[in-house]
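Colleague: I have the sequence and the model open side by side. Could you walk me through them?

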Amino acid sequence: MLYKACVAVAFIAGADAFQVGSLRSAMKAPAVSMQVAEAEVASPQALAKAADEARGLAIDSIAKAKSGHMGLPLGCADIGAVLFGQELNYNPEDPTWLNRDRFILSAGHGSMFLYSWLHMAGYESVTKEEVMNFRAKDSITPGHPENFMTPGVECTTGPLGQGIGNGVGMAAAAKFMAAKLNTPEHTLIDHSVVVLCGDGCLQEGVANEAVAFAGHEKMDNLILMYDSNGVTLDKMAEHTQSEDVQMRFEAQGWEVLTVDGHDMDAVTKAYRYAKESKNGKPTLIVCKTIIGKGIDEIAGTCAAHGEAGVAYADSAREALGLPEEKWYVSPETYEFFAEHKKELQSKYTAWGETFEAWKSANTELAKELADCQAGVVPDFDMPYYTETGKGIATRNAGAEVLQPVAKQMPFYLSGSADLHGSNKNYMKDVGDFSKSNYAGRNFYYGIREHGMGAIMNGIAFYGANCLPGLRCSGSTFLVFSGYMMGSVRVAALSGLPVKYIWTHDSIGVGEDGPTHQPVEVVAGLRCMPNLDVMRPGDAEETAAAYIHAMKTTDRPTAMILSRQDLPVLEGEPSSKREGAMKGAYILQKEEGELTHILLAAGSEVSLAVEAAKQLGKGCRVVSIPCVELFERQDAAYQAEVLPNREITTAVEAGYSAAWYKHAAKVLGVDTFGISAPAPFVFEEKGMTVDNLVSLAK
Ligand SMILES: Cc1ncc(C[n+]2csc(CCOP(=O)(O)OP(=O)(O)O)c2C)c(N)n1
C-alpha cells in the first residue's frame, strides 16, 4: 500500500532527540512530502542492539589503537544497522557479485564504521581479530578504507569528497552496464549505489562537480546519505557552512529527503523511497545525527573527532548496555546476521538463475561479458607509422590509435572535460553517454576535471574486482591535470588502470601563453608512485603508449601528448614499438666508439636527433617515453641502453632536476613560458639544437 509519507513526521518526532542547540537551528523540515511504500523496520530491537554493539566495537578498537575517529561510527550506527542489517543487497561469500549494491564510505575517517558492519554482516576475512587490530601493521583494517585490503570495501577513501565522485562513477558504470546487458526478458543490473558522506565531503569542490554531473545525467540509481551532524573538525559546521544544502541539491536535479538519522524507521522509509522511485533523480537523504552518540561527554561536539571519547569508554559501554567483555557482539546479533545472510543469499541465487537464463538467450553478449569479466585485452589491430619525417601531432596519433581500442574493447569508456575537440579522445561510432543513451561510450564530463578524475575512479572501482575489462580514459590539457590530482593520487594508490589523456604537453603550446604551457607538470607526475607517465616522441611511440596502457591492469597511465606536429622518427617501426614499450630504447645507435648519449622524451626526441648529427658518429640517441617503465626493466637492459651517466645529456622542455638521476647534464625549462608562436618560445627558453650540442660537447 502506498500512503503519504511519514518521513517528515518521523523527522520532526526525532528532532527532540538532538541535544545540541546549534544543531536545532540548522534543522529544517523537508519542503516536500512524498509517497513511500509501507516500510517498517522488521526487527527494530535486533537492529538497535546491533547498532549499540557496533558502537562498542568502535570504542574498543579506537581505544586499543589509541587512534581513529569515534564520531562517525557512533553517530551513524543506526544508519549502518538499517543498511547492512536490512536494506543493502550483498553476499558476504561473494563480495564481487556483479549485481551487489555498492556501498561507499566517503567519510573515510570513520573507517571503523565499515569494519564493524562488515564483520557483523559475515565477511569472513573481516574477523573479530582484524577488528581488534584496527590500524595495526599488517591488518586488513587500515586507518582509512583501502579497496585492495578488505573484501567488502569498494573504494579507497579518506580524501574527503572523493567517495561522492566515486559513487557517481559507479552509478554511471551501472547505468552503462544495465543499458548494455539488460534485456526485456532479463534484468542483470538493477542495484543501487549508496554513499555515506559528511559535511566535509559536501564542502569539497570535487563533490559539487560530481553531484552536478549526476543530477544532469539523471542517475536515479544513486543514493547519497548525508551524515548531517553539524560538526566538522575544528569547529561546528555552521562556522564555515551556511548554504541551504537541500536547495543546492534540488537546484542540481536531485531529490532531497530529510530524516532523523537515529530513527531507523525514518531512515528505512527514506531509503526505500529513494531506491524505488525511478524519477530520473539521484537522492540525497539528509540524516540528522549526533556525532559520537553513545558517549555523552563528546556527543554533538568537535571532540567526537579522534579518540577523545576513549577517556569515557567504560561509562559509555555501560550506558550502552554492553558487558565488560571488550569487542562484544552478542550471539543474538550474530544469529540475526546469519539469518539475514540466508535471505540475501536466496536473492543472490535467484539472480544467478536469471544470469544463466540470460546467458543462454544472449550468447554473443554473454561472450563479451565473459571476456570483460576475465579482463581479456585483445591484440590490437594497430598499424605501424612508417612514413619517416611526416609531421603528426601525438594527440592526432592518439585519436587514430584509440579507434581500434574502441572497436576491440566494447567496455572501454572515453571522456573529456569539454576538450574532446582538442584532446582528440573521441571514439567514433560508439555513441555518447547521456541521460538519453546510457549505452553510449563517450563521456562529456563538462569542465570538471576533478570531478572527472573521481568519476573515472568510480568506474574503475566498479570494474576492479568483477569487470576488469571495464576501462576508462579522460582527457584535458596537461596544464589542468593539477585540478584533478587528488583523484589521480587515489587511482595510483588503489592500483586503478585509469588512463589520462593530457595533451598540449609543453611550451610547444605557444600562443596560448604561460597559463597553458606546463613546465613543471610532467616532472611532478613522475614523482607519483604507481603512475606510468608516457610522453611519446612521435606517432609510433604513441601507438606503443596506448598498447602499454591497455595492457596495464594494476596502475594508471598518463598519456602526455603534443599539440604540435612531431616528425615520425627514423627507425624500424616494430623495434621502435617494442622499445617504447620498455620505457626507453636506443633510437639511434652510435657508429663506432660511444662518446655521447642524448636522452630525450616527447617533442625533444626530434631535437636530440638533430643535435646528434653534429656530435659525430659516437653519439647515441635514447628515446625515453616512460621513465617508470624503463626503471622496471632489468638492470642489464637499463645498463645496455644507458651505460654511462657521465656522457649522458638529457633534454626535455620541462623541469630539469629529476633528469640528473640518469644524466650528468640537462637542458630543461625551469621558468614559466611566454605567449608567442611555439618556435619563438623554444628559442627564448633555450631549447635549441645549438644549445644541446654545446652542452653535450
Ligand atoms: C580532502 C581532505 N581534507 C581534509 C581532511 C582531514 N579531515 C578529516 S575528517 C575532517 C572533518 C570532516 O568533517 P565532517 O565531514 O563533518 O565529518 P564528521 O565531523 O561528521 O566526522 C577533516 C578536515 C581529509 N580527510 N580530506
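Colleague: To start, what percentage of the 697 residues is buried?

Modeller: Buried residues make up 56% of the 697 residues in the protein, where buried means that 20 or more other C-beta atoms, placed from the backbone, lie within 10 Å of the residue's own, exposed means 12 or fewer, and partly exposed is in between. Please keep in mind that this is a predicted model, in which local features need pLDDT of at least 70 and side-chain atom pairs count only at pLDDT 80 or more, while totals for chains, interfaces and linings use all residues. Residues are numbered from 1 along each chain as its sequence is written.

Colleague: And how many helices and strands are there?

Modeller: The protein has 27 helices and 20 strands, taken as DSSP runs numbered from the N terminus, with helices (H or I) of at least four residues and strands (E) of at least two. Its radius of gyration, taken over C-alpha atoms, is 28 Å, close to the 26 Å from the globule rule for 697 residues, so the protein is as compact as a globular protein of that length; that rule is 2.2 Å times the number of residues to the power 0.38.

Colleague: Which helix should I look at for burial, and why is it called largely enclosed?

Modeller: Look at α5, residues 77-87, where 11 of the 11 residues are buried, so this helix is largely enclosed by the rest of the structure. Among them are D78, F84, Q86 and E87.

Colleague: Changing topic, where are the domains?

Modeller: The assignment, which is an automatic or database one, gives domain 1 as 2-345 and domain 2 as 391-696. In this model 29 residues of domain 1 are in contact with 29 residues of domain 2, contact meaning that the C-beta atoms, placed from the backbone, lie within 7 Å.

Colleague: Which element supplies the largest share on the domain 1 side?

Modeller: That is α8, with 14 residues of the side that touches domain 2.

Colleague: What about the ligand, which residues come nearest?

Modeller: Of the 19 residues around the ligand, L160, G198, D199, G200 and L233 come nearest, a residue being near if its C-beta atom, placed from the backbone, lies within 6 Å. Helix α9 gives the most to this shell, with 3 residues.

Colleague: Last one: is E684 buried, partly exposed or exposed?

Modeller: E684, which sits in helix α26 (residues 678-684), has 15 C-beta neighbours inside 10 Å and therefore counts as partly exposed.

Notes: Contact = placed C-beta atoms within 7 Å.
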